[in-house]
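Please keep the sequence and the model at hand while reading.

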Amino acid sequence: CRMGPGCLRGPLTALLAQDWEQRQEEDTLLIERILLLVRNVLHVPPDPAEEQGVDGDASVHDRVLWALHISGMDDLLKFLASAQAEQQWALHVLEIISLMFRDQSPEELAALGQGRVAAERGEDTRELETLRQRELAERRVRALQRPSRHSRFGGSYVLQGLKAIGDRDVVFHKGLHNLKSYSHNLGKETRRVPRRRQAA
């Protein structure tokens, strides 16, 4: 394989997959050497005379960072930084991360993040508005396609001559065909009488 971050990632992944108790001293030395190699590659200072590119062209440092990202080495570095069992590599990882951001100022990084977040927020807003308009259009179509079938609601009726509470007429909410079986106890839960109190 060509020499690159991909060649380093394979052995490093295999070594980190081992439990730290099973690692030999050679394994620990190899992990440290790989991390030091990555650190040393990132530590090479830029040479403006060598890098005579067009404005906006990626520098050598940026291309190295891109190669690290493509190979997945950045994920391994995140794992090493966050794993409780791998705390012995924390300073190496911290040094590598600081070298990754060597050419960037904090102001530029913060502005880039905010601009990207604002653009994503605007895109999300447009997407939500499009979905909302589509849903409203679907609702209108559904309302127009509703069948003109009679609902099961039979209406409310006032039963004159049958008094409810407070000398008012009874309001009956069922269909007229249920009127014959009407009683004041309709809809009320029947009280359960214990067996020993039931009439013989």
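Along the sequence, the elements of this predicted model follow the pattern α-α-α-α-α-α-β-β, that is, six helices and two strands, where helices (H or I, at least four residues) and strands (E, at least two) are DSSP runs numbered from the N terminus. Because the model is predicted, local features need pLDDT of at least 70 and side-chain atom pairs count only at pLDDT 80 or more, whereas totals for chains, interfaces and linings use all residues. Residues are numbered from 1 along each chain as its sequence is written, and side-chain values use heavy atoms, with hydrogens and water left out.

**Chain-level totals**

- Of the 200 residues of the chain, 18% count as buried, a term that means under 20% relative accessible area, with exposed meaning over 50% and partly exposed in between (1.4 Å probe, protein chains only).
- Among the contacts in the chain with a separation of 6 or more, 48% come from residues 24 or more positions apart, contact being defined as heavy atoms within 4.5 Å.

- In H4, which spans residues 73–82, Met73, Asp74, Leu76, Leu77 and Leu80 are buried.

**Packing of H2 with H3**

- Helix H2 (residues 25–43) and helix H3 (residues 60–71) pack at an angle of about 150°, with their axes 10 Å apart; axes are lines fitted to C-alpha atoms, for helices over the stretch in contact, and angles run from 0 to 180 degrees between N-to-C directions.
- H2 and H3 are therefore roughly antiparallel to each other, on a scale where angles under 35 degrees count as roughly parallel, over 145 as roughly antiparallel, 65 to 115 as roughly perpendicular and the rest as oblique.
- Val38, Val41 and Leu42 of H2 make the contact with His61, Val64, Leu65 and Leu68 of H3.
- By class, the contact of H2 with H3 has six nonpolar residues, one polar and no charged, where Ala, Val, Leu, Ile, Met, Phe, Trp, Tyr, Cys and Pro count as nonpolar, Asp, Glu, Lys and Arg as charged, and the others, Gly among them, as polar.

**Packing against H5**

- H2 and helix H5 (residues 90–100) pack at an angle of about 20°, with their axes 9 Å apart, which makes H2 roughly parallel to H5.
- In this contact, Glu32, Leu35, Leu36, Val38, Arg39, Leu42 and His43 in H2 meet His92, Glu95, Ile96, Leu99 and Met100 in H5, and the residues divide into seven nonpolar, two polar and three charged.
- H4 and H5 pack at an angle of about 135°, with their axes 10 Å apart, so that H4 is oblique to H5.
- Leu77, Leu80 and Ala81 of H4 make the contact with Val93, Ile96 and Met100 of H5, a set with six nonpolar, no polar and no charged residues.

**Val170 in strand E2**

- Val170 lies in strand E2, residues 169–172, and is buried, with a relative accessible area of 5%.
- Leaving aside neighbours within four places in sequence, Val170 is in contact with Tyr157, Val158, Leu159, Leu162, Lys163, Ala164, Tyr182 and His184.
- The C-alpha atoms of Val170 and Tyr157, which are 13 residues apart along the chain, are separated by 8.3 Å.
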